[in-house]
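Dear colleague,

I am handing over the structure below, and the notes after it set out what was found. Please read them with the model open beside you.

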Amino acid sequence: MKRKTTIERLAAAVLCLVLMLGLTACGGKTAPEPENQEKQEEQQAAASERLRGIFEALIAPDSYYTQSKQSMAEYYPEVEYGEELGTDRFTISVKANGNEYVQDGSWEFVEDGDYLTAEIRNDDFAGAMYLMVVGDAIGEYFGMEPELVTGYMNGVSILEIENDNFSATEDEASGTVSCRLNISGPWDMKELDSMVLNEEIMDSEPLTSEFVSQTGSVGRIRMIANGSVDDYTMLFAEFGGLDDVAYQSVVNMVSLRKPAGWEAFVADFTELKALETENYSVTIDPDAAIVEEMMGEKSDRFSYLLVRFGSGQPEEEETMAFVPDADIFADFYFRVIGGVEAGTAGSQLAQAQGACDVLGFAAGNELWAADVDTLRANMLEAWNSLTDEERAAFDANFPNADALLKGCFEDWEANRGVFDDAGVVETMEELLSDETARQSWDVLSANTWTLGNADE
């Protein structure tokens, strides 16, 4: 099996694991100091027309970059983002301002002839994400489809396709990746027809009885799949119309994952067509509700195809939600609550923000539908991974956090003020409007109280 380089894995992760954006807090654009304003204006005036155009596409109100910042700002308002255009480059910068999930950083994209160049660390997830959003901006500037540009960048990187549009060359000795994006004009992207989901892209093993969730993205094709060997659902979306890219992707993924009945399916599915048998089915252009449930709002820019093995009704019959693993519980539950320093200035506001974060964690992971045995096992593993100090901090803070959230469920107006002061009132109101949020917290709270936190 071909070994993916670090940057290839990062690029794939950026496209496929959208929820990771939740770890990248967003704030507003940092205003320049007055004494630097004149200098910046001079530098921007000297920038080439195309560099200025790409920069303006990056920071436009409807850009992917801007919308991502806005959607995440309510969770971590203290984090600041800055974007600055210079004579021959533009810079994206981040100030964490104490946020434990974000690191300070700065990324430069330099105009070098007909290319925009950047150098990022080979373990820099944020840098890989900004590389993609800059590709999105280049697509906007040259009138290309941004979804195709980012899918194309992912494909040529993972498949190691030589081309004149995008390259990412890793230097293992220095631990960096040198990236080049063509800005001479629209990309031809002729390689898109060869980009299908396969073992080289997905690196997948056959299914077992364990429930799994998987996403995939390359070129024009997107996929999300959920289930186990006996009950598996795969939703494919192709930019534009369904063609051989979708067909080959379906056959490849079914052959890789091997759900029950896959051999008969491959023999039966000889072309793009609807199928209906007792063991599997193919639906072309599935209902919008099914698409929204699995992949988000249905887009008229994509065409969809649904493949089901087993019961064929996971959206109705599948009641077990994906359970976060131990590391996720440790970082986004135990350490969030334990990280509030009681008795310090601002601790009440920090407690409110932490309570909002863990309620979002419980609701977002639909813990109300989680398998209890798996949930408790992962929580216990996470608990055992903490230091003695971290456990003590959690034990000290959890009762107050639990009481605060339960008070919000009973009388939101009486508790609204502290969340308003903490800057997360809109997030809390959105969470409280979801009737399953309380159910998810009740499950998490109950299993916390009975986990035996003091007894390993």
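Across which strands does helix H6 lie, and at about what angle does the helix run to E7? Before the answer, a word on the source: this is a predicted model, in which local features need pLDDT of at least 70 and side-chain atom pairs count only at pLDDT 80 or more, while totals for chains, interfaces and linings use all residues. Residues are numbered from 1 along each chain as its sequence is written, and side-chain values use heavy atoms, with hydrogens and water left out.

Helix H6 (residues 146-158) lies across E7, E8, strand E9 (231-239) and strand E12 (302-309), and runs at about 100 degrees to E7. Helices (H or I, at least four residues) and strands (E, at least two) are DSSP runs, numbered from the N terminus; contact means heavy atoms within 4.5 Å; and axes are lines fitted to C-alpha atoms, for helices over the stretch in contact, with angles from 0 to 180 degrees between N-to-C directions.

The sheet to which these strands belong is open and has six strands, in the order E7-E8-E9-E12-E11-E10, with antiparallel pairing (two strands pair if DSSP finds at least two bridges between them). Its edges are strand E7 (212-218) and strand E10 (275-276), each of which pairs on one side only. Between E7 and strand E8 (residues 221-228), which run antiparallel, there are seven bridges, and Ser217 has Arg222 in E8 as its bridge partner. Further along, E9 and E12 are joined by eight bridges in the antiparallel sense, with Thr233 opposite Arg308 in E12. On to strand E11 (residues 280-284), which pairs with E12 over five antiparallel bridges; here Val282 has Val307 in E12 as its bridge partner. E12 is also mostly covered, since seven of its eight residues are buried (under 20% relative accessible area, with exposed meaning over 50% and partly exposed in between, for a 1.4 Å probe and protein chains only).

Another open sheet of six strands has the order E1-E2-E3-E4-E6-E5, again with antiparallel pairing. Strand E1 (80-85) and strand E5 (166-171) are the edge strands, each pairing on one side only, and the twist averages 15 degrees from one strand to the next. Helix H3 (residues 49-58) lies across E1, strand E2 (89-95), E3 and E4, at about 30 degrees to E2, whereas helix H5 (residues 125-141) lies across E1, E2, E3, E4, E5 and strand E6 (176-182), at about 40 degrees to E3. Three bridges link strand E3 (residues 105-112) with strand E4 (residues 115-121), which run antiparallel, and Glu111 stands opposite Leu116 in E4. Thr117, also found in strand E4, is buried, with a relative accessible area of 17%; leaving aside residues up to four places away in sequence, Thr117 touches Glu108, Phe109, Val110, Asp112, Cys179 and Arg180.Lastly, a search of the whole structure finds four cavities of 30 Å³ or more, a cavity being a set of points on a 1 Å grid over the protein atoms alone where a 1.4 Å probe fits but cannot get out, and lining residues having an atom within 4 Å of a point. The second largest cavity holds about 50 Å³ of space, and its lining consists of Ile337, Val340, Gln351, Gly354, Ala355, Asn397 and Ala401. Helix H13 (347-364) and helix H15 (388-410) each supply at least two residues of that lining, with the largest share, three residues, coming from H13.

With best wishes

Conventions:
1 Å grid on protein atoms, 1.4 Å probe; cavity = no way out; pocket = protein on both sides within 12 Å on 5 of 7 lines; lining within 4 Å. Points joined across faces, edges and corners; volume = space filled by probe spheres on them.
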